[in-house]
Amino acid sequence: MTKLWTCVIVLLVNHVLSETDEGGTTLSPILPQKPLTCVIGAGYSGLAAARYLKEFGQNFKVFEASSNIGGTWRFDSHVGYDEYGAPVFTSTYKYLRTNTPRQTMEFSGFPFPSSTPSYPTNTCFYKYLKSFAKHFQLMDNIQFNSYVQSVKWVRNHWDLTYTKTDERQNYTTECDFVVVANGQYVKLKMPKVPGMNTFKGKIMHSHDYKGPEPFKNKKVLIVGAGASGLDLVTHLVNITDKLVHSHHLKYNQPKFPENFVKKPDMKAFLSNAVIFQDDTKEDIDVVICCTGYEYDHPFLDKSSGLTLTGKFVLPLYQHVVNIRHPSLTFIGIAKGIINRMLDAQAEYIASLIAGKFKLPAQEQMLKFWLQHVYALQDENKKIVDVNLVGPKMDQYFANLTEEAGITRAPPVLTDIRDFNAKYRLEDLLNYRDYDYELTDPYHYKRWHNGGGARAQECPIDSEPEQQKI
Ligand SMILES: Cc1cc2nc3c(=O)[nH]c(=O)nc-3n(C[C@H](O)[C@H](O)[C@H](O)COP(=O)(O)OP(=O)(O)OC[C@H]3O[C@@H](n4cnc5c(N)ncnc54)[C@H](O)[C@@H]3O)c2cc1C
Ligand SMILES: *[C@@H]1O[C@H](CO)[C@@H](O)[C@H](O)[C@H]1NC(C)=O
Ligand SMILES: *[C@@H]1O[C@H](CO)[C@@H](O)[C@H](O)[C@H]1NC(C)=O
Ligand SMILES: *[C@@H]1O[C@H](CO)[C@@H](O)[C@H](O)[C@H]1NC(C)=O
């Protein structure tokens, strides 16, 4: 009799387990509730976290402010706020192509179809993210139009409060773990120049640039020569009346048409013109500030135990774990890394939550962190950038792998990143006319792909929009 009951219970439990494998939330009342992991953001990083949490059988929920996945790879025609009043976080624009080979951006074990160009369009990258979410059946775990407002540590868990923007209601969820994946490029940095508020033309940030059409026949000033500044110059130079580029980057500037003018940094604004550091003046209709982004974590407060500014988040162990409260983790704080690294951080976090490895004692983590910070000091004892991984990326991959037993990304990805960064500045107009292929973990091939229409190829099965509103 008892044996039979045991058998029935085992069957029941198995049944409940396999059922919840699909849809994903409660195991109660038969089993005690599994810890809940709350992921903030369903961009590349949040999706990577969701994939591993699912693979490792964890109970989790993703909170996404917008109405779809994809983060900055999802084009949104809204400027500022979406139809439900949530901020538009995506920065992508028409005709954008990746500025890094896709091979450095792929999720582990989920490559693009091999015939995809190495620098796909943003719509192709978005399709890729959708096919990823579909393949790993992540959509049911993602709650859309859920804009996280606050995450507070309360005794032994995190109270996550979000606005369900389409309902105009606030809700609070108790989370055992929180994974912050809200993106690295969130808060807009704007230059401060005398006279800026007297300027009669338009001043905007590249974040709000959606495409070239509004700039046709205009006198446009592009400020900055980071990834966005350089890209927008190439998108606008042939359609504007005049294109002024103010920056101080040293690079092999292509031969632009005659309407192009290079200028040093800005000095002052007049009502219809801008004066530059060399005291030259240019009449301007629109200024596009490609002056970059900062971190932004307005939903975290003192209870996190962290110091959070636009430039720094500290102290984090391995650039991921909040040392004060290790149940709060971050993806994408590390700077100067490839997307594949975000995937590794996600696997690290999910492995940690699933109990596959243990962190060192708190004191040890703090010691490692201090060693890392001291090693960053320059000869003037100035600490440079505590969240920068950049040149040490491959060693960082190795360290994560060693500690957590996660998948080691091929070292050649670092070489590809470094080559691309250099070559992009050598040949800005044509560097994307090449395809790459990894021949083994240490070597790659690269060849000219003919350019032209090749750029538009995207051999990913197109799925109908999975709108969840
Ligand atoms: C214009 C542009 C082009 C880029 N091109 C490249 C490239 O070519 N190659 C490359 O390697 N990298 C590129 N990047 C870097 C890019 O950030 C990464 O490719 C990747 O998108 C990072 O993913 P993420 O999930 O960390 O952040 P994001 O893609 O920004 O996603 C964050 C998500 O979090 C959500 N969110 C934010 N705040 C909240 C909140 N409070 N509550 C709920 N949800 C929230 C957002 O809606 C968004 O969906 C580019 C970035 C930009 C801005
Ligand atoms: C929800 O929370 C936000 C942020 O705290 C607040 O501004 C808003 O008024 C709240 N909305 C409702 C309906 O309570
Ligand atoms: C501008 O147009 C010319 C002529 O069609 C073309 O050769 C050139 O490559 C274009 N420049 C850019 C930056 O697209
Ligand atoms: C990797 O780990 C070693 C040994 O703990 C440490 O000295 C080094 O700074 C770490 N490097 C990176 C980039 O994390």
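Which side chain has an N or O atom 2.7 Å from an oxygen atom of ligand 1? That is Glu 64. Before I go on, a reminder that this is a predicted model.

Let me stay with the ligand for a moment. Ligand 1 is surrounded by 27 residues. The closest are Ser 45, Glu 64, Asn 99, Thr 100 and Asn 339. For Trp 73, an N or O atom of the side chain is 3.0 Å from a ligand 1 oxygen. For Tyr 44, the atom in question belongs to the backbone, an N or O again, and it lies 3.0 Å from an oxygen of ligand 1.

Tyr 44 and Ser 45 belong to helix α2, residues 44-55, on the side that touches α5. How do these two helices pack? The axes of α2 and α5 are 8 Å apart, at an angle of about 40°. The crossing is right-handed. From α2, the contact uses Tyr 44, Ser 45, Ala 48, Ala 49, Arg 51, Tyr 52 and Leu 53. From α5, it uses Asn 339, Arg 340, Leu 342, Asp 343, Ala 346, Glu 347, Ala 350 and Ile 353. Sorted by class, this contact has nine nonpolar, two polar and four charged residues. Note that Ser 45 and Asn 339, both in this contact, are also among the residues closest to ligand 1.

Helix α5, residues 339-353, also meets helix α7, residues 393-404. Here the axes come within 10 Å and cross at roughly 20°, which makes α5 roughly parallel to α7. This crossing is left-handed. The α5 residues involved are Arg 340, Met 341, Ala 344, Gln 345 and Tyr 348. On α7 they are Met 393, Tyr 396, Phe 397, Leu 400, Glu 403 and Ala 404. By class, that contact has eight nonpolar, one polar and two charged residues.

Last item, a strand. Thr 161 sits in β5, residues 157-164. Which side chain does the Thr 161 side chain meet in a polar contact? It is Thr 172, at 2.9 Å. Setting aside neighbours within four places in sequence, Thr 161 is in contact with Tyr 147, Val 148, Gln 149, Ser 150, Tyr 171 and Thr 172.

That is what I have.

Note on methods:
Residues are numbered from 1 along each chain as its sequence is written. Chains are lettered from A and ligands numbered from 1 in the order in which they are written. This is a predicted model: local features need pLDDT of at least 70, side-chain atom pairs count only at pLDDT 80 or more; totals for chains, interfaces and linings use all residues. Side-chain values use heavy atoms; hydrogens and water are left out. Axes are lines fitted to C-alpha atoms, for helices over the stretch in contact, and angles run from 0 to 180 degrees between N-to-C directions. Helices (H or I, at least four residues) and strands (E, at least two) are DSSP runs, numbered from the N terminus. Angles under 35 degrees count as roughly parallel, over 145 as roughly antiparallel, 65 to 115 as roughly perpendicular and the rest as oblique. A crossing is left-handed if the near helix is turned anticlockwise from the far one by less than a right angle, and right-handed if clockwise. Contact means heavy atoms within 4.5 Å. Ala, Val, Leu, Ile, Met, Phe, Trp, Tyr, Cys and Pro count as nonpolar, Asp, Glu, Lys and Arg as charged, and the others, Gly among them, as polar. A residue is near a molecule or strand if one of its heavy atoms lies within 4 Å of it. A polar contact is a pair of N or O atoms within 3.5 Å; within protein, one must be able to donate a hydrogen and the other to accept it, and residues adjacent in sequence count only if both atoms are side-chain atoms.
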